[in-house]
Structure formats: structure tokens, C-alpha cells
Amino acid sequence: MKEFPLPIELISFDVHIIEKSNVEISWSTISERNNDYFTVLRSFDGVSWIEVERINGAGNSTERIDYSIIDTPTEVGLLYYRLKQNDFDGKSKVFEI
């Protein structure tokens, strides 16, 4: 069976409260292959997810790339975030919380 390399090599995914109601979500890759875009997802229960924002990927890269967004959720409470990576061919991978 032929193995294909992963579309991205994710080296970090961090979430930090930067102000009372602002959350910074940041991640870094060290390689990307056919990477169309990332989707940042948020949940209050770890089950139901909503899209926070889409960020264009680099397409193809063999260098470190750092990404970040600021989320301003209107609800108060425990939040969960995760990252979804989407290829140009429509395939996607959802990373762990």
C-alpha cells in the first residue's frame, strides 16, 4: 500500500485569552502540500462546533508558517477550539481539541 505524506505538518496549536473577551488562536506548520485553507472551529460542549474563521493556507511550502486569529465570543464559559485543514481537492482533516 502506497503512503501519501500528510497535507500539512502542524507543529503547534495554541489558545490564549488576551483580554477579558478576546481569545487568540495561533498555529504553525513546517510544511504544507496542496493546502487550500484552515477553518478554526469553536464549541461550548466539545460536541457541537461552529466555524469561527477561515484562513487561506500557503498551498505548497517547506518553510515554517505562523498563523493566528482573534476570536471574540459573545457567550461566557468554557470554550473548546480545534483546527480543520482543507485541501484543494476537497479533502479535509480535523485535528484534536
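What does Asn34 count as by relative accessibility: buried, partly exposed or exposed?

A: Asn34 counts as partly exposed, because its relative accessibility is 35%, and the class covers values between buried (under 20% relative accessible area) and exposed (over 50%), computed with a 1.4 Å probe on protein chains only. The model is predicted, so local features need pLDDT of at least 70 and side-chain atom pairs count only at pLDDT 80 or more, while totals for chains, interfaces and linings use all residues. Residues are numbered from 1 along each chain as its sequence is written, and side-chain values use heavy atoms, with hydrogens and water left out.

Asn34 is found in strand S2, where strands (E, at least two residues) and helices (H or I, at least four) are DSSP runs numbered from the N terminus. Although Asn34 is not a glycine, its phi is positive, at about 55 degrees.

Strand S2 comprises residues 22-43, and Ser26 also lies in it. Ser26 has a relative accessible area of 18% and is therefore buried. Setting aside residues up to four places away in sequence, Ser26 touches Ser12, Phe13, Asp14, Tyr67 and Ser68, a contact being heavy atoms within 4.5 Å.

The aromatic residues come next. The structure holds 3 aromatic pairs; rings of Phe, Tyr and Trp (its six-membered ring) pair if their centres lie within 6.5 Å, with planes under 30 degrees apart counted as stacked, over 60 as edge-to-face and the rest as tilted. The pair of Trp27 and Phe38 is edge-to-face, because the ring planes stand at 65 degrees, with the centres 5.5 Å apart. Trp27 is buried, with a relative accessible area of 1%, and Phe38 is buried as well, at 0%. Trp27 also forms a stacked pair with Tyr67, at 5.4 Å centre to centre and 10 degrees between the planes. That pair links distant parts of the chain, since Trp27 belongs to strand S2 and Tyr67 to strand S4 (residues 65-71), 40 residues apart. Tyr67 counts as buried because its relative accessibility is 10%. Together, Trp27, Phe38 and Tyr67 form one aromatic cluster.

Of the 97 residues, 34% are buried. Among contacts with a separation of 6 or more, 58% are between residues 24 or more positions apart.
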